[in-house]
Amino acid sequence: MAWAGTAYPGMQAIGQTIPLETRSTALVLQADDKKNLQILYYGEKLADAAGYAQVPQAYRQTAEYTGVLASAYTPAGSRNLAEPAIAVTHADGNTSLDLRYVTHTKQEVAPQVALYTVTLQDPVYPFTAKLFYKVYTQEDVIEQWSEISHQEKGPVVLNKFASANLHLKASEFWLTQYHGDWAKEMQPETSRITHGIKTLDSKLGTRANLFQPSVFMVYPGKPATEEEGTVLYGAMEWSGNFRIDLELDYQDNLRIVAGMNNFASAYTLKPRETFATPAFVFLLSHHGKGEASRKLHTWARNYKLLDGHGTRLTLLNNWEATYFDFNEQKLFGLLKDTRRLGVDLFLLDDGWFANKYPRNGDTAGLGDWGVNRTKLPNGISSLVKEAANNDVKFGIWIEPEMVNPKSELYEKHPEWVIRQPAREEHYFRNQLVLDLSNPAVQQFVFQVVDNLFTENPSLAYIKWDCNAVIFNAYSAHLKHQQSHLYIEYVRGLYHVLAKIRQKYPKVPMMLCSGGGGRVDYAALQYFTEFWPSDNTDPLERIFMQWEYSHFYPAMATSNHVTAWGKQSLKFKVDVAMMGKLGFDIVVGELKEQELTFCQEALRHYNDLKQVIWQGDLYRLADPHQGSFASLVYVDATRATGVMFNYLVNNRYGEGSPLPVKLRGLDPAARYTVREINLLPGTTSPVNPDAVYTGDFLMKVGINPQLTTDRASVVLQFSKVTP
Ligand code: DGJ
């Protein structure tokens, strides 16, 4: 037997569809005659919204036995046979859930931003799920989350509690996912999705994305290219354990269920309490990955990333220059170097604190935030003063969520530490995680930051590190509700960050995590930038930054020039300039020419940073597919572009035999092309006097003239004013 489309025996549409339309797409919900809320359509927006109701008739797929296979929020335990979005144990022990449409509202919450709320209720139990869809019209972005509540006689246990549940139709589906480890973050893998369930998840607790981030792409049809094809970008806005199920069901449709991970996290919800899930953010582009990422960047800068239209500070970090081995005099020298180099800020890294167990290595002192009197007898304030004397700003490193067992904090408050009381401790970088589900610990962490600012009002930057995952998950504070720990930890963290931002709304803070592994759009509401990886080898960074650039704008991506990698200093600076530029080098060891080069590059960067931070990114040549990488940022008026080109293969004769076609320029405008970031004494083969039309540059292209001797080339495009 076969029924048409998503229909099942007895199904009739009640006629009312809920089209969540953006500029180019539509996610259309519909309650059927039995008030099951279905996803009718997710695809290109139709010119006539009446057409959405006709969509099911166009499909001749196999039988739908349940009535909930295309559910907008699949409940477990009644008719469902697929991966649920929500599973509960009611107060009376019953495990069945059914959710039917009750009502929906639409609210304009900002210009071009609408919030749809759809209320679903169980017909048998006083149990409600509200689905929220925040629709950003211009950017084609949708955020989805839910609120779960009930009025049963006792607590209900939530066994699964997804944020979003999507349903896509196509002849085949492909997935790009990421995996990684320390210094190997954001490694892409693309594969065809086969029947069954593919789960992307994390159970790490804190730096949840280390092995697998929650960002992914799904291609309904063939894998999209930069310019062509359909692609869905998805990401969880959650800094803890997540779970994304991609289920190719027996009808060959793709169901995506995304949310916090329910692993070891059954949540007991009391009557009349509300359980809010974090948001899952997604967008669909029908013009390739380039358009998808430009839209996501715009959305991020407009609505999510802290200070998305503000400025960022270039900096000199002392981590690789000194590690733990420094004192006041040495730092005074580095402050002078900061000025000499020409960056905005000096960032003092790990090692400035703890006395009983001094922080002279990573085995002791973490948690004891008193300044180390041997290294810094005059405290932080003397460094802040000296920074001002050198006309640079001062920033500082902290890792306030973690503790070394060898610390006064651990001795004083073992009950603040996440650890199994009766089991052997197991460490990640010699440390344990503090229990942020505990309000006393939240206050402690807030105080670490607040004290620094209170004592040093001109403190201009914080690097917030996080080097441990959660082992032996147990909270002394949560007592009989251990399964709440992973969730309450992250909520506690957000509580602290929100409090910090209430008091210090815009001080730039870097989200760092012993390398990468902790970036998502919930955290970026509190942070101005993130640290992609400790691996700053520029060759590796070309690939890593390429992948991060799909999801995060350049202004949020901290790139430092360090001793990692065998490439020239120029190559390193050029690669770091593709985002938020910093240095972590011994300035005193630079040759005069190298210092001059860095100073000049910083001047170029300051001239062009607005284009890099706010401009549209076009990835032009994929380093995974050829011998070089090429990308360009173009400002909104299309007057200026900055193009970065890097050879990623140094075999004999490698280079750029063909021109690279630009994107995003004004075809009717005329441009000059000038090579910048040249090493002192070198000249460029690129003629700065030649004038090209935008049309020419986009149809024929420009050749960066990469060779093994010119492995890194930065070109500036400037519109010629008539
Ligand atoms: C890990 C970070 O990624 C590094 O940049 C540095 O801050 C160290 N932690 C300090 O311990």
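Helices (H or I, at least four residues) and strands (E, at least two) are DSSP runs, numbered from the N terminus. The model is a predicted one, in which local features need pLDDT of at least 70 and side-chain atom pairs count only at pLDDT 80 or more, while totals for chains, interfaces and linings use all residues. Residues are numbered from 1 along each chain as its sequence is written, and side-chain values use heavy atoms, with hydrogens and water left out.

Within helix 4, the residues Gly379, Ile380, Ser382, Leu383, Val384, Glu386 and Ala387 are buried (under 20% relative accessible area, with exposed over 50% and partly exposed in between; 1.4 Å probe, protein chains only). These buried residues pack against helix 3 (328-341), strand 21 (345-348) and strand 22; contact means heavy atoms within 4.5 Å.

An open sheet of eight strands has parallel pairing and the order 27-26-25-22-21-20-29-28. Two strands pair if DSSP finds at least two bridges between them. Strand 27 (529-530) and strand 28 (558-561) are the edge strands, each pairing on one side only. Strand 20 (residues 315-317) is joined to strand 29 (residues 580-583) by two bridges, and the two run parallel. Here Leu315 stands opposite Gly582. Helix 3 packs on the sheet and touches strand 20, strand 21, strand 22 and strand 29; its direction makes about 145 degrees with that of strand 21. Axes are lines fitted to C-alpha atoms, for helices over the stretch in contact, and angles run from 0 to 180 degrees between N-to-C directions.

## Strand 25

In a regular strand the side chains alternate between the two faces of the sheet. In strand 25 (residues 461-464), Tyr461 and Lys463 point one way and Ile462 and Trp464 the other way, and all are buried. Four bridges link strand 25 in parallel to strand 22 (residues 393-398), where Trp397 has Lys463 as its bridge partner.

Strand 25 also pairs with strand 26 (residues 509-511), in the parallel sense over three bridges, and Ile462 stands opposite Met509. From strand 25 the chain crosses through helix 7 (residues 485-503) to strand 26 in a right-handed β-α-β crossover; that is, with the strands pointing away from the viewer, the path from the first strand over the helix to the second runs clockwise.

## Helix 6 against helix 7

The axes of helix 6 (residues 439-455) and helix 7 come within 9 Å and cross at roughly 35 degrees. Their crossing is right-handed (the near helix is turned clockwise from the far one by less than a right angle, and anticlockwise if left-handed). Gln442, Gln443, Val445, Phe446, Val449 and Asp450 in helix 6 meet Gly492, His495, Val496, Lys499, Ile500 and Lys503 in helix 7. The residues of this contact divide into five nonpolar, four polar and three charged. Ala, Val, Leu, Ile, Met, Phe, Trp, Tyr, Cys and Pro count as nonpolar, Asp, Glu, Lys and Arg as charged, and the others, Gly among them, as polar.

## Leu602

Leu602 lies in helix 10 (residues 592-614) and is buried, with a relative accessible area of 2%. Leaving aside residues up to four places away in sequence, Leu602 touches Thr314, Leu341, Gly342, Val343, Leu581 and Phe583.

## An antiparallel hairpin

Strand 5 (residues 100-110) and strand 6 (residues 113-121) run antiparallel and are joined by nine bridges. Lys106 stands opposite Tyr116 in strand 6. The hairpin has two residues between the strands, and Gln112 takes a positive phi near 65 degrees in it.
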